[in-house]
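The sequence and the structure are shown first.

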Amino acid sequence: MITCVVHDVIDPAKIADFERFAARWMDLVARHGGVHHGYFLPAEGASDAALALFSFPSLADDATYRARFGDDPEFVEDDRIRDESGCVLRYDRTFMRPLLPS
């Protein structure tokens, strides 16, 4: 299993747009073979940080999912929500593997 950890810097004035974008993205991950562990949004302290975690069985499965990004109309539409609203100022992602208790 591989887990993608996405660190978003968001515009706190556009949290409703971000939530609309994030809800659609969680659905896209689930429908394309992944498990979305949720978005974690500001509650206290820094108000411009959001975190998402989602997993795929392998990096190859994640690559198949990411190959849809510029072509699949649903992915394009969700990117449009993010880009036109400006709710995400920047993001970075890291791929991690779990070390779970035995």
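Two strands are taken to pair if DSSP finds at least two bridges between them. The model discussed here is predicted.

**Strand pairing**

Strand S3, residues 49-56, pairs with strand S1, residues 2-10, in the antiparallel sense, and 8 bridges join the two. Within this pairing, aspartate 8 has alanine 50 of S3 as its bridge partner. Strand S2, residues 35-40, also runs antiparallel to S3, with 5 bridges between them.

**Aromatic residues**

A pair of aromatic rings is described by the distance of the centres and the angle of the planes. The structure contains 8 aromatic pairs. One of them joins phenylalanine 18 and phenylalanine 21, whose rings are 5.9 Å apart centre to centre, with 50 degrees between the planes, a tilted arrangement. Both residues belong to helix H1 (residues 15-31), and because they are 3 residues apart there, about one helical turn separates them. Phenylalanine 18 has a relative accessibility of 0% and therefore counts as buried. Phenylalanine 21 is buried as well, at a relative accessible area of 5%.

A further pair is formed by phenylalanine 56 and tyrosine 65: the ring centres lie 4.8 Å apart and the planes meet at 35 degrees, so this pair is tilted. The threshold that matters for the accessibility of these residues is 20%, since buried means under 20% relative accessible area. Phenylalanine 56, at 2% relative accessibility, is buried, and tyrosine 65, at 1%, is buried too.

| Ring pair | Centre to centre | Angle between planes |
|---|---|---|
| Phenylalanine 18 and phenylalanine 21 | 5.9 Å | 50 degrees |
| Phenylalanine 56 and tyrosine 65 | 4.8 Å | 35 degrees |

One aromatic cluster brings together Phe18, Phe21, Trp25, Tyr39, Phe54, Phe56, Tyr65 and Phe75.

**The largest pocket**

Rolling a probe the size of a water molecule over the atoms shows where empty space is left. The largest pocket has a volume of about 270 Å³. It is lined by 18 residues, of which Val6, Trp25, Phe69, Tyr91 and Arg93 are the closest to its centre. Two or more lining residues come from each of S1, H1, S2, S3, helix H2 (59-66), helix H3 (73-85) and strand S4 (88-96). By residue type, the lining consists of 11 nonpolar, 1 polar and 6 charged residues.

Aspartate 79 is located in helix H3. Its relative accessible area is 16%, so aspartate 79 is buried. Residues up to four places away in sequence being left out, aspartate 79 touches Trp25 and Phe69; Trp25 and Phe69 are also among the residues closest to the centre of the largest pocket.

Proline 42 is found in the loop between S2 and S3. With a relative accessibility of 28%, proline 42 counts as partly exposed. Its contacts, neighbours within four places in sequence being excluded, are Ile10, Ile15, Ser47, Asp48 and Ala49. Proline 42 is 30 residues from proline 12 in sequence, and their C-alpha atoms are 8.7 Å apart in space.

Note on methods: Residues are numbered from 1 along each chain as its sequence is written. This is a predicted model: local features need pLDDT of at least 70, side-chain atom pairs count only at pLDDT 80 or more; totals for chains, interfaces and linings use all residues. Side-chain values use heavy atoms; hydrogens and water are left out. Helices (H or I, at least four residues) and strands (E, at least two) are DSSP runs, numbered from the N terminus. Rings of Phe, Tyr and Trp (its six-membered ring) pair if their centres lie within 6.5 Å; planes under 30 degrees apart count as stacked, over 60 as edge-to-face and the rest as tilted. Buried means under 20% relative accessible area, exposed over 50%, partly exposed in between (1.4 Å probe, protein chains only). On a 1 Å grid over the protein atoms alone, a cavity is a set of points where a 1.4 Å probe fits but cannot get out, and a pocket is an open set with protein on both sides within 12 Å along at least five of seven lines; lining residues have an atom within 4 Å of a point. Grid points are joined across faces, edges and corners, and a volume is the space filled by probe spheres set on the points. Ala, Val, Leu, Ile, Met, Phe, Trp, Tyr, Cys and Pro count as nonpolar, Asp, Glu, Lys and Arg as charged, and the others, Gly among them, as polar. Contact means heavy atoms within 4.5 Å.
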